[in-house]
Each structure stands twice: as structure tokens, then as C-alpha cells.
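Please find below a short note on the model under review. The comments are set out as numbered points.

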There are 2 protein chains.
Amino acid sequence: MTDALRAPGGFPVVGIIGGGQLARMCQPPAVALSLTLSVLSESPDAAAALVVPSAPVGQKDDVEAIRAFASGCDVVTFDHELVPLDVLAALEADGVKMHPSPKALVHAQDKLVMRRRLTQLGIPCPAWAQVSDVAELKAFADVHGLPVILKTPRGGYDGRGVRVIHDPRDAADWFAHREPLLAEEAVDFTRELAVMVARSPSGQGAVWPVVHTVQTDGICTEVIAPAPDLDGDLQGAVTQAALRIAGELDVTGVMAVELFEVQDRASGRPTFVVNELAMRPHNSGHWTIDGSVTSQFEQHLRAVLDLPLGEVTARAPWTVMTNVLGGDYLELYPAYRHILARDPGLKVHLYGKGVRPGRKIGHVTVCGGDLDALRARGAHAADYLQGTVKE
Amino acid sequence: MTDALRAPGGFPVVGIIGGGQLARMCQPPAVALSLTLSVLSESPDAAAALVVPSAPVGQKDDVEAIRAFASGCDVVTFDHELVPLDVLAALEADGVKMHPSPKALVHAQDKLVMRRRLTQLGIPCPAWAQVSDVAELKAFADVHGLPVILKTPRGGYDGRGVRVIHDPRDAADWFAHREPLLAEEAVDFTRELAVMVARSPSGQGAVWPVVHTVQTDGICTEVIAPAPDLDGDLQGAVTQAALRIAGELDVTGVMAVELFEVQDRASGRPTFVVNELAMRPHNSGHWTIDGSVTSQFEQHLRAVLDLPLGEVTARAPWTVMTNVLGGDYLELYPAYRHILARDPGLKVHLYGKGVRPGRKIGHVTVCGGDLDALRARGAHAADYLQGTVKE
């Protein structure tokens, strides 16, 4: 980070480790707010490196590269949760301001740590256990039934690192790594929800409306904001839980809390259990770019700088965000031209990434009053860009 | 422009000559749309150079620098109207795609050419004449009264290049340059209006709602969208005039048409005369970033690439944009922190420019239903950043 790129007037430089689409989508609000980003990118053509002037190349486990990078930044935050703990410890020893802090981040890096802590706090979770071999997994299944959801505590997202186990013996290969795994009951859920919360080092918090996340084959394909027909008590309980988790874990920046909506067996009322935490901007919050007064990306920048948080109210009755996955078109531009023509109100967000089948390469957002129509518009555009609709 | 910065998938590179705030504010929509900007900047710390990776330094009259720059771009557009005609001619000879074209742009570069053309088209203008000496100016004043508004045909904006003449003899110094000047009647206007129109090379057009521009000492300080209590026939007539001008002049990209609202002497009905044209994103359109489904900056990029235009409807009943001028604070960051705390719904846009008294360094936008409250919020924030409010 050269000081030549710093905006005059005392404005800070925010360092982001990781040059993916989340870092990329921080650039528009940084431009507006006169904040300078510096992004440590995996490669010169990383999504964020294409749009941020200061984008040195360095890997997430290269401690010297990261220390040098951090020395030019006023605060450091993250595009992903994959920076090793020893690297974070080195930065901490250097006195680098990191948000979220390693102490908070570990709950998003390690699902066993997260489950232990949430359970301790009394936050509803699926039944779970740490299991170290097939016998322990079988014991868990004997109590909670099959299938069991088996997760590697670290490194998994979007279905990677997660397996549905119908016979405990099938998991023998994962136990061969001799690391304890997380076993969870297969929750009988009504639907999947998510809520984004922001919290600043001063302790200010803000929570966006709870959304419904539609998953296909373990990948989020669509987000509806707010979640339709959400029970008022449940909305309140989820909001309170998100703020409590953020506060108790001392989260700084934004955090996504992914949830299952379930029916309480005793009362028959809707309630929730927490599925996952992510301490960074998250796919379930992409709708906020177009649909909220303050986007999750702007809010993350404000929070990590301990600036006052922005208003999180929705700008339309409904916002639908639909993910665009890589499909048939390698040359996306002609398809993109078509969808711009077909739907002038569609907001297109592409990440500058090469197309690979199933890779998240962008999203589209529509806002308005007719939810069914919005969903159809989003789905058409995403399908068209993926090459699965030919008209 | 190195091809390494081009997004994969067939997406084009848009070159912008001039690295001011208008080029800078093109970067957020370019990020979303996966378009790559390359900005020929006046200096390495120009407003746009701080936020765009490809920002070579070059001056607007350096024909070889501009030719080299343009050779790496798929299309070239402008941050300002100051590129000399011979430079534009050289680019045209090279086969560079320019939007707007030099043939259109001359109407925004030369106010005499503009007046001649609009008058020929029957678009209402103030009474005007080309004047070459004090005697001709006096003859104009004898017919149209004093004061007369005297303008240099080229290079003027925001009050520069414009004088109010109460005695024709006072203008003798300007005639010493031996260039003809534009004399215009001092219009007895009700208020100042503006309308932004976008037009693509294919001929698609889109017009945002007509806005009221509040001017203080010849500088636009506030824009109210839409213009309050605007007569419906006048809205229609202004919209039609904007589309007609754009079509007849073959404008490509966005154009601001600044207008005076006047009372028709015969009918007593409100009508308009055209004051100025600007063929680029314009201060009167900054409200569209937060207040319209498609901002003027996104639309300009779409238009110059001949992509389908986006929807131009307003996202709230009212949007108020208030300019932030340089004032007492050189270190703006503490004041900025205060206004973020005081008004979480305020959208702040700063241009990364050093503070100089009276210089436009940013703007703030608020959207909502209570116009008086919005205007007060915008004015407070702008005044505070300028150091003229101490609470």
C-alpha cells in the first residue's frame, strides 16, 4: 500500500486478506466513503484485484507477506475465514488491528468451537457431538437417529466438508485423518433462514431483516428478503440471538447466522436452531446492496473502522437475490446483454471470475412489491446466464 | 491498459479521459457490471486514479498520450468537455469509438454552436446573440434590456466564463481576446430545473424525472428529485425536449439539460428555456446513485457500450442531494464520523479530493417521504462537513 493511494483528509486504509468477490464488493462503498482498500490477493486476476488499485499478491499462509501487507493498513479484515491461526497470532503480536479478532474468528473457523460456545450460551443448536471414530458416530446415531450430518470442523463451506451419513461405517475414511469431527442430527426443518448482524468495536450493533435462503444441492441459489410470512416472535428471537452471539463472541464487522426454522415439538410454534456462522460479508446478505439503505459491504467497512453503523431498513417491500452459477457460456457478455435488454430493472453483479460449471460468478437482484414476479425475474436471468434457458 | 485487468468472458474496457469525480463515480457500477475502466488522469492522485487500477497519467491536450491510451480501450468517453477538437479529430482518424462523438460533443463545448442548433430545432432558449464588440453587446441590450448575461462560448462552467453585465462598456476586457462571445437575456425565471437523458448509439433513450437545482452564488448546492409541484405538461415538454435534443444532436451517453422554469407571458402557464447542456454525468444527476433504480453513472456506461439502458424510476418519493464544498476542515475524517453518527440513513459520497474553500469535494444524499426533513438533513451534513455548523 503506497501512501499515494490514500485519500487526503485523514481517511484510513482498510486491508482485506483475500481477493475474492467479497473483497471486490467492498470497493463500491469504499469509493463512496473515501476509504482506501488494499487487498492481499491470491493472484493478479483475483476478483478484487481487477477493481482495487492496491492489490499485492500473497497467500493466506505466507506469514511474512501478510505481515508486510498489514503494516501498510490501518485495520485488517478478511475475505474468507481461512487464514491460519499462527498467521493471525503473528499479526496480533505485531499490534495489527484485526476485525474480527482471532479470538472471535475461531468460532467461524472451527465448527466444534462454535458448537461448544453456542451451547454454553444457551443458543439453540441441533443435537451435536464431537466424534473421533465410527463407534462414537454410531453411538450418536443410536440416540439421534440416521442420517447424521458429519462435518469437518475446519475449512468447509457450500457443501464441502459436509456429508450426510446413512451408515456410520461409511465415514471410516474421514476418521482416518485422526481429527475429531462434528456430528449433528439431521434437522427436520421447515426452511432455511439467515440473518446478518453488524457489530463495531465500540459495541454498536445492527441487524438486517431475517431472510429466507433457498438452497439447491447444498448451495444457496436464492435469497428472499424479508423471509415471507415470518412469525413475529421468531423474527424477534432470531434478531436477539444474532445480537447476543455477536456480543458474547466479541464479533467485529458483519456476521451471517444461518439458521433452520423448525416447529417446536411441544408448542407447535415456529422456532430455530443455528446452523452456521460466517464472520464476514456473506452470500445471504448480497441482497442488501440494492435492497437496504446500507449494504453489508458498507456496514462491514464502517464496523471494522469503528465508524457509526448505517441504517439497515429495506428499501422495498421485497428484494430477491439470485445467484449466478457458472454454466454453458464461457463468453458471458452476449448473454448478459440479453438479460439487460429483457429486464431493465434487474441489478446485475458479476465478479470478474472465469466461468466454471457450478462456480458462483455473480448474482442478480430485483426489488419490488410482487414477490412471485421478482422470483421469476431473478430465476430467468440467472438461468439465462447459466445457459439453461434458451429464449 | 493491460489485458490482465480485463474481466474474462468478453467484457469490454471503457476508457475515460479525465480522472475527476465523474470518472471516479463510474467505478462502483463498473465493478457490479464487470466492466473494466481505464482512466487517463491528470495526476496519480486524481479522484478516479485513487480507485481505478488502470489510471495512466496524461493531459487532455497531449495527443500522443491520448492516442496510446485509446488504443487499449474498446470505447472512449469523457469526464469533462475540455478535450480539444484536434485531439478528438486524431482519435477519430485512428478509428477510436468515442461516445459522445466529437460531432455531438461540440454542442457542449461551444455555447454558440449549441444556441444556434437549439434555435434551429425550435427548442426554447433565452434571447441570445453572438457579439464581437461593445457596440454589438449594447445593441443586444437595447432590445433585451440590462443586465445581459455574457458568456465565453468555451470552457466555462459553475460561474466561470459567465458574467452579468450591467453596463456594456464593462465587457471591453473580454472582447480584447477577439473571440466572439455569447450574449443572453437575463431570464426572469421561477426556478432552475434540470433533466438527465441517456441515449445509446442504437437510439434507445431514457429520461429521469425532472429535478429542481438550487444554486447559490452560481454553484449548484442542492438538487431535489423530483422537482416539487412540477406542472404535468411542463414535465412532459421538458422530457420530450431532452429526448429530441439527444436524438437530433446524436448524443451518446448521458446528457444533462439545465433549464429555467419561466411563466409564459401569454398564457401565464409554466414553461421553460434551455440554459446549458453537459454531455456526461452531471451534478444534477448525482441523486440517481441512491435515488434511482439505475444511476446516471451505470447508465452512461451502458449507453457508451450500446448496452440496453436500465430503468430510471425513482426508488423513493423524494431524494435530496446536497453538495459538500471545501470549507474549514482540512482533516475531514472527524467531521465525517460525526455526520455518520448523527444520521445513519445519510448516504455519503466523497471524492478523495483535498479540501480547498468552495471546491466540490463530495455530496450527501437522503431518500424518503418528508421533503422538508430530507432537505434539513442534507443541509446539516453538508454544512457540518464544511465547518459552518458547530453542533
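1. The model is predicted: local features need pLDDT of at least 70, side-chain atom pairs count only at pLDDT 80 or more, and totals for chains, interfaces and linings use all residues. Residues are numbered from 1 along each chain as its sequence is written, chains are lettered from A and ligands numbered from 1 in the order in which they are written, and side-chain values use heavy atoms, without hydrogens and water.

2. Chain A is assigned domain 1 (3–98), domain 2 (127–185) and domain 3 (191–386); the bounds come from an automatic or database domain assignment. The C-alpha centres of domain 1 and domain 2 of chain A are 35 Å apart.

3. Arg199(A) belongs to strand S8 (residues 191–199) of chain A, a strand being a DSSP run (E) of at least two residues. Arg199(A) counts as buried because its relative accessibility is 14%, where buried means under 20% relative accessible area with a 1.4 Å probe, protein chains only. The side chain of Arg199(A) makes a polar contact of 3.0 Å with that of Asp250(A) (N or O atoms within 3.5 Å, one able to donate a hydrogen and the other to accept it; residues adjacent in sequence count only if both atoms are side-chain atoms).

4. Between chain A and chain B, 54 residues of chain A contact 55 residues of chain B (heavy atoms within 4.5 Å). Two salt bridges cross this interface (side-chain nitrogen of Lys or Arg within 4 Å of a carboxyl oxygen of Asp or Glu). Lys347(B) and Glu298(A) form a salt bridge at 2.9 Å, N to O.

Definitions and conventions. Helices (H or I, at least four residues) and strands (E, at least two) are DSSP runs, numbered from the N terminus. Buried means under 20% relative accessible area, exposed over 50%, partly exposed in between (1.4 Å probe, protein chains only).
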